[in-house]
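Hello,

Here is the structure I promised to pass on. Have a look at it first, and then read on for what turned up in it.

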Amino acid sequence: MKQHRSGHRAAVPFHVYSSFNKKGGMVDRRVERQRNRALDMYQELSTYEKIAECLDISVTTVVQYVARARQQGDVRANRPFKHRGRLQALQRRKAIREMKALGMSAREIAKQLGINVRLVQIRLKESGNG
């Protein structure tokens, strides 16, 4: 890098970090890492705000990362459900079925999962194991 008169390194021009880099056509590795981390967090059902806060970037940047990833067909940008609660409920139902298959009682399952016994009974009845 070039040295400034004061002895400090000169600031790197913006186009170096731009994902639309016209001088070289390659995305900077730091930007690519940050985008990948954002998409991984999005896939884990983190909110845009949470991702932006963790990566110290704007929410708009996160939204753009996800939108571009969707356009490019990246599977990390697709969520099975829009709401985290629905996915958690699906995972809980699966865990209840698996624990019942291991021979655990409804009370033991409820205690292990930290939910109400009646909810476990309802879910078991829904799945035909009740």
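One term before we start: a residue counts as buried when its relative accessible area is under 20%, and as exposed when that value is over 50%. Please also keep in mind that this is a predicted model.

Now for the chain as a whole. It has six helices and zero strands, so to read it from the N terminus is to read α-α-α-α-α-α. There are 130 residues, and 25% of them count as buried. The chain exposes about 10000 Å², with carbon and sulfur atoms supplying 50% of that area. Taking contacts between residues at least 6 apart in sequence, 34% join residues at least 24 apart.

Further along comes helix α5, residues 106–113. Here Ala106, Ile109 and Ala110 are buried. Seen down the axis of α5, its buried residues fall within an arc of 100 degrees, so these too line one face of their helix. Which residues sit on the face of α5 turned away from the buried side? That face carries the exposed residues Arg107, Lys111 and Gln112. The buried residues of α5 have α4 and α6 among their cover. Just after α5, glycine 114 has a positive phi of about 75 degrees.

The axes of α4 (residues 84–101) and α6 (residues 117–127) come within 10 Å and cross at roughly 80 degrees. That makes α4 roughly perpendicular to α6. On the α4 side, the contact is made by Arg92, Arg93, Ile96, Arg97 and Lys100. Facing them in α6 are Leu119, Val120, Arg123, Leu124, Glu126 and Ser127. By type, the residues of this contact divide into four nonpolar, one polar and six charged.

Enjoy exploring it!

Best wishes

Note on methods: Residues numbered from 1 in each chain as written. Predicted model: local features only at pLDDT ≥ 70, side-chain atom pairs only at ≥ 80, totals over all residues. Heavy atoms only, no water. Axes fitted to C-alpha atoms, helices over the stretch in contact; angles between N-to-C directions. Helix = DSSP H or I, 4+ residues; strand = E, 2+ residues; numbered from the N terminus. Parallel < 35°, antiparallel > 145°, perpendicular 65-115°, else oblique. Contact = heavy atoms within 4.5 Å. Nonpolar A, V, L, I, M, F, W, Y, C, P; charged D, E, K, R; others polar. Buried < 20%, exposed > 50% of the residue type's maximum accessible area, 1.4 Å probe, protein only. Arc of directions from axis to C-beta. Areas by Shrake-Rupley, 256 points an atom, 1.4 Å probe, with all protein chains shown as cover.
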